[in-house]
Amino acid sequence: MSAPSVEKGIQAIKAQIDAPVASFFSACVHCGLCAEACLFYTETGDPKYTPINKVEPMRRIWEKEYTLFGKAKAAFGMSKAVDEETFAEWETLVYDGCSLCGRCSLVCPVGNDISGMIRKIREGFAAAGHAPEGLIGASTRAVEIGSPMGVKLPAVQAQIKHLRKNTGLDVPIDAKGAEYLVLLSSMEIMNFPEYLEAIARIMYQAGKTWTIASKAFEATNSGVQIGVSDIAKLLVSRVVDAADELGVKTVISPECGHAFTAIRWDGANLIGREYGFEVKHILEVLDEFVSQGLIKTEGKEDAKLTYHDPCQIARKGGVVKQPRNLLNKIATNFVEMEDGGVMNWCCSGGGGVSANERADELKLTAFNRKKSQLQALGVDTLVTACANCRLTLEEGLEENEMDLPVVGLTEMLAEYLVEEKPIEEAKEEA
Amino acid sequence: MSISNDIEFRDALNGLDLAQQREVGALFVESVLSLSSDPRVTQAVNAAKDGALEEEAMNLVRHSIKVAALHAHTRCGADGEWNDQAGYFVARAAEACVEPEGRSQGKGPAWKAAMSARMACTCLAAEGDEDSHDSESQTQYQILTSYLDA
Amino acid sequence: MDANELLSWARGPGFDIALTIFVAGMLLRLLEILALGKKPDLSPPRGSGPKGGAATIMTRMLPRKQVFDKEPLRIINGYVLHIGFFIVLFLYGPHIVLFESFLGFGWPALPSGVIDAVGAITIVSLVAALVLRLNNKVLRFLSSRDDYVAWVVTLLPVLTGYLAYNHLVAPYTMMLALHLLSVELLLVVAPFTKLTHMFSFAMARWYQGYQAGRRGVES
């Protein structure tokens, strides 16, 4: 990345303005309903977090550069500038005060995709040198090391080795012609390694061939979070190249919200060509396995539990029914929180917010929304399917002295997995 | 009785009642205690071994170790330090030992403690040459065997 | 200039100029949007873009329960405002005659008395909208000169029309002239304010709906 500057920032934002963006600014009537959908506004009461306000710098640039009237206004000195001060002032709105959750986009009466615009405007902020430190560090590590948290292949190999010892199951690396390429997020590798074990056991029972790629085991895309398409493209390319090289049919995105958005929706557009493989979220795959009878479950969890929809997976990813299908198979007392499903509220830590230390306090305030949802419901367990949501929820719950365990859905499913092919057998084969 | 693999290990653990699982779990954690410098871990281990501890005191310990585990994890996008991360898994193991009854989601507290303890060893293997995971499994088998024989 | 001359001008050259500016201005805004283009989405689709786009134009007509519950008064008032305005504009006899002269066809009118009542309601609704805007923290923060200008130019035609019909404030000829002039003001100003939303709302809904339809996600 070359040296940042305000000029570069403005150019980057200009480049992001397309017909949809122009139509959005043109249609906005300042109704303010987007604020009512945004947890950063509802929990702080500060109108500056109104979603459409977060993209005001982009609006100014659009008006001045792409409308005759705006150009005329500028000629008469009647347009508001976008300068260093603007970037400085809006930085915390664009990064700290927005998790790219997309709720605003769903409620805008004129149909504006506001969260999409916020993602776009981040390109300008990053280019202007106004991205949060935590995200800069994560992206740099992702580019140089291959993981935003500095996880290297030997770490994954160590976990694989020990998985083999514990379960007798092998995790294939770089297996050509495997049906599935499984991606992992650094958060899972470091904090929830049970995920890998769950995958291994499930894949074994389903009788499916799978592999991870030594050159592209990382799913997390820091480029998408910070808003630097070049980095996002580089990270996605690693996965695409590996998938092509290994000739897999389907790439599986793990329980990480933005990883799914990056590989499923952004990837092809970042690299400029269509994929030669499918991309599915792990929950889609599990739901398929269950409905096709490839894996069976036995026994059920009796605790009263509910499901938190990760924004990128449910609202933006369209994976809403699948986790519910799965939970209904392994839980007797699954209740929905209010606004559950497509309109669920963000955990407060998505879109790079949890990686941004400066945003910690704001994040905890925004978490009060989720807290209200949970308090109204009164459950014993909270299930979700995103490693980042998990930790954000745990932290928020702890801060509010709420004793509520949070579990990952894939892990939970694996606990009730019927292991018809005894692993003992696998041990002997191993 | 001798335990030589995880199937036998888990079966034996499932045969224990809650108090026994906590005691054995505590032993598993003690075996990897050197990987954590958090005094709350020791506190949790002691509480797990103390069968006579009142529920209220236990709740205080639970809260304390939960916080310890939570704060020990690596933040999303942060530069991960595997040696520190080992401390996270030790705290998780200790947390499992004192978790309230009925929190299993299919796994018993002793099993959870054992797995987390092993993951702590895996962390060390991630960075360095030291790979004590397999020997830790063996150690756990021996701990359980001795416990059952006693 | 007396009232008759003013009215003549407003009915004649005034209207032509205003309409030309309105059409040219709106077309310009439309082209400014379309000219920017949109890159094709290469991600593997789950559903149909066009279906999503078309559907979203319709579905966004109604609010989601979650926001409606938060601002029921303001949202309902918005409907009253828009529907009232359209009824007065499109279903009043003399207006239909005007449309007919351009389009070559007309349609049935509502009784003038009904229009009169609807007009009054619309005026109240517009005033209420301003009051609600000024009394809302978010809206006070967001609102710019553009919002207030748009409000004024929208209110004036409805107000002057009502006053003319009811022979209030000024003699009929003058009031009618003022009514036409206020309409011309609206036409001339509209392309340069948020009133462009009268056309761009469909584009915005279409674009977002298209992407959502393609991705198989809700919109």
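## A tour of chains A, B and C

Start by selecting helix α10 of chain A, residues 114-127: its 14 residues should span 20 Å at 1.5 Å a residue, and its end C-alpha atoms are 20 Å apart, so the two agree. The expected span is 1.5 Å times one less than the number of residues. Helices (H or I, at least four residues) and strands (E, at least two) are DSSP runs, numbered from the N terminus.

This is a predicted model, in which local features need pLDDT of at least 70 and side-chain atom pairs count only at pLDDT 80 or more, while totals for chains, interfaces and linings use all residues. Residues are numbered from 1 along each chain as its sequence is written, and chains are lettered from A and ligands numbered from 1 in the order in which they are written.

Stay on α10(A). It is mostly covered, with 14 of its 14 residues buried (20 or more other C-beta atoms within 10 Å of a residue's own, the C-beta atoms being placed from the backbone). Just after this helix, select A:Gly129, which takes a positive phi of about 80°.

Next, select A:Ala385, in the loop between β6 (381-384) and α22 (387-399) of chain A. A:Ala385 counts as buried because it has 31 C-beta neighbours inside 10 Å. Beyond its neighbours within four places in sequence, A:Ala385 is in contact with residues including A:Glu255, A:Leu283, A:Pro310 and A:Thr410; contact means C-beta atoms, placed from the backbone, within 7 Å. For a distance across the chain, pick A:Tyr66: it is 319 residues from A:Ala385 in sequence, and the two C-alpha atoms are separated by 42 Å.

Now show chains A and C together. Here 49 residues of chain A are in contact with 47 residues of chain C. On the chain A side, α2 (19-27), α3 (33-37), α7 (68-75), α9 (103-107), α17 (257-271) and β4 (278-281) each supply at least two residues. The largest share, 7 residues, comes from α2(A).

Finish in chain B with α3 (residues 39-49) and α5 (residues 82-97), whose axes come within 9 Å and cross at roughly 25°. Axes are lines fitted to C-alpha atoms, for helices over the stretch in contact, and angles run from 0 to 180 degrees between N-to-C directions. That angle makes α3(B) roughly parallel to α5(B) (under 35 degrees). To see the contact, select B:Val41, B:Ala44, B:Val45 and B:Ala48 of α3(B), with B:Val90, B:Ala91, B:Ala94, B:Glu95 and B:Cys97 of α5(B).

How values were computed: Two residues are in contact if their C-beta atoms, placed from the backbone, lie within 7 Å. Angles under 35 degrees count as roughly parallel, over 145 as roughly antiparallel, 65 to 115 as roughly perpendicular and the rest as oblique. A residue is buried if 20 or more other C-beta atoms lie within 10 Å of its own, exposed if 12 or fewer, and partly exposed in between; C-beta atoms are placed from the backbone.
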